[in-house]
Amino acid sequence: MPAGTRWGSRWRRGRGHAAWPDGPRRRRARRARWRRWAAAGLAALAVLVTVGTLRPAPAGGAGVPTVVMVRDVAAGEPIGADDVTVSVRPDGQRPVSALTTLDAVLGRSAAAPLTTREVVTPERLVGGDLLAGQPDDRVALGVPVLDAASVGVRAGDHVDLYATGSGTRAAADVVVLAVHDAEESTGLGTGAPARVTLALDPAQAADVARGLSALEAGQSLVVAIRHGSGPAQ
């Protein structure tokens, strides 16, 4: 045996020699590396799946399309395409009756002032037939009041409005078109107060607007039902 030569030298790479043969030992080593890489990949995948499962869902559940005001709109004004948008809100951050499509809003009039970022509900809008049967000069105006339900106000009633601070009568013998109960807060701000939508002639609408503007902090309007009042048959 030449000097410097050892048994098994064919498994060693020498200068100028060909590559090592692919013997059983190298195949076992390669398979072991593949198994380690596969195990590491599966472990990483398991971590990703676990993190995705444990990630908390949005508060209030899955998002629902919701119509939201992007500009202030005064009571009685029609709502245009530039006034609203549709955003996704979790169920817990929107009223149950919130509208979901622009078609349900565009062209309808605000029953009360609508403010930027307010969620739009049917109660905040005036329907196209709300003034059906009323004189041609009547307008529909939404007015915030103390709880109208406590005195049993219904659509069709004839009522008077009074300011709680001064006792001034803001409107007399006006027809109730709709009654809207107070809305609880959804977590994004204070809830909406109870409101009545009234059929008013231009002079009465001006009186009510002045009465609302004259209210001081903590004051409101109260509604009084006239004797013998009742919905029209």
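Leaving aside neighbours within four places in sequence, which residues is L221 in contact with? In this predicted model, the partners of L221 are V143, P144, V145, L146, L161, Y162, A163, A170, L212 and L215. The legends below begin with the whole chain and then turn to close-up views.

**Overview. The predicted chain and its confidence.** The model shown is a prediction, and its 233 residues include 27% that are buried. The protein has 2 helices and 9 strands, which follow one another along the sequence in the pattern α-β-β-β-β-β-β-β-β-α-β. Among contacts between residues at least 6 apart in sequence, 61% join residues at least 24 apart. The accessible surface comes to about 14700 Å², and 56% of this surface belongs to carbon and sulfur atoms. The average pLDDT of the protein is 76, with 75% of the residues scoring at least 70. Confidence is lowest in helix α1 (residues 24-54), where the mean is 73, and highest in β2, where it is 93. Over residues 4-11 the pLDDT stays under 50, and the model has 6 contacts beyond four places in sequence for this stretch. Where pLDDT is low, the predicted coordinates should not be read in detail.

**Close-up 1. The largest nonpolar core, with L221 among its members.** This core contains 18 residues, of which V143, L161, L198, L200, V208 and L221 touch the most other members. Two or more residues are given to the core by each of β5 (139-144), β6 (158-163), β7 (169-180), β8 (195-200), α2 (202-214) and β9 (221-225). Strand β7 gives the most, with 4 residues. Apart from this core lies another one, of 11 residues, which includes V67, V73, I79 and L125. In soluble globular proteins, nonpolar side chains tend to be buried together.

Close-up 2. S220 lies in the loop between α2 and β9. Because its relative accessibility is 15%, S220 counts as buried. Leaving aside neighbours within four places in sequence, S220 is in contact with P144, V145, L146, Y162, A163, T164 and L215.

**Close-up 3. V196 in strand β8.** V196 is found in strand β8, and its relative accessible area is 0%, so V196 is buried. Although V196 and L141 are 55 residues apart along the chain, their C-alpha atoms are separated by 8.2 Å.

**Close-up 4. The salt-bridge network of D160, R169 and R226.** Salt bridges link D160, R169 and R226 in a network. R169 is partly exposed, with a relative accessible area of 47%, whereas D160 is buried, with a relative accessible area of 7%. Side chains of opposite charge can pair when their charged atoms come close.

Close-up 5. D207 counts as partly exposed because its relative accessibility is 35%, while R210 is exposed, with a relative accessible area of 52%. A further salt bridge is formed by D137 with R138, whose closest N and O atoms are 2.8 Å apart. D137 counts as partly exposed at 41% relative accessibility, and R138 likewise counts as partly exposed, at 25%.

Close-up 6. V86, L102 and L106 make a nonpolar surface patch of about 190 Å². Of these residues, V86 lies in strand β2 (residues 84-90), the element in which confidence is highest. V86 is partly exposed because its relative accessible area is 36%, a value that falls between the limits of under 20% for buried and over 50% for exposed.

Terms used:
Residues numbered from 1 in each chain as written. Predicted model: local features only at pLDDT ≥ 70, side-chain atom pairs only at ≥ 80, totals over all residues. Heavy atoms only, no water. Core = buried A, V, L, I, M, F, W, Y, C linked by side-chain atoms within 4.5 Å. Buried < 20%, exposed > 50% of the residue type's maximum accessible area, 1.4 Å probe, protein only. Contact = heavy atoms within 4.5 Å. Patch = residues over 30% accessible without salt bridge, like charges linked within 9 Å, V, L, I, M, F, W, Y side chains within 5 Å. Areas by Shrake-Rupley, 256 points an atom, 1.4 Å probe, with all protein chains shown as cover. Salt bridge = Lys/Arg side-chain N within 4 Å of Asp/Glu carboxyl O. pLDDT = per-residue confidence, 0-100.
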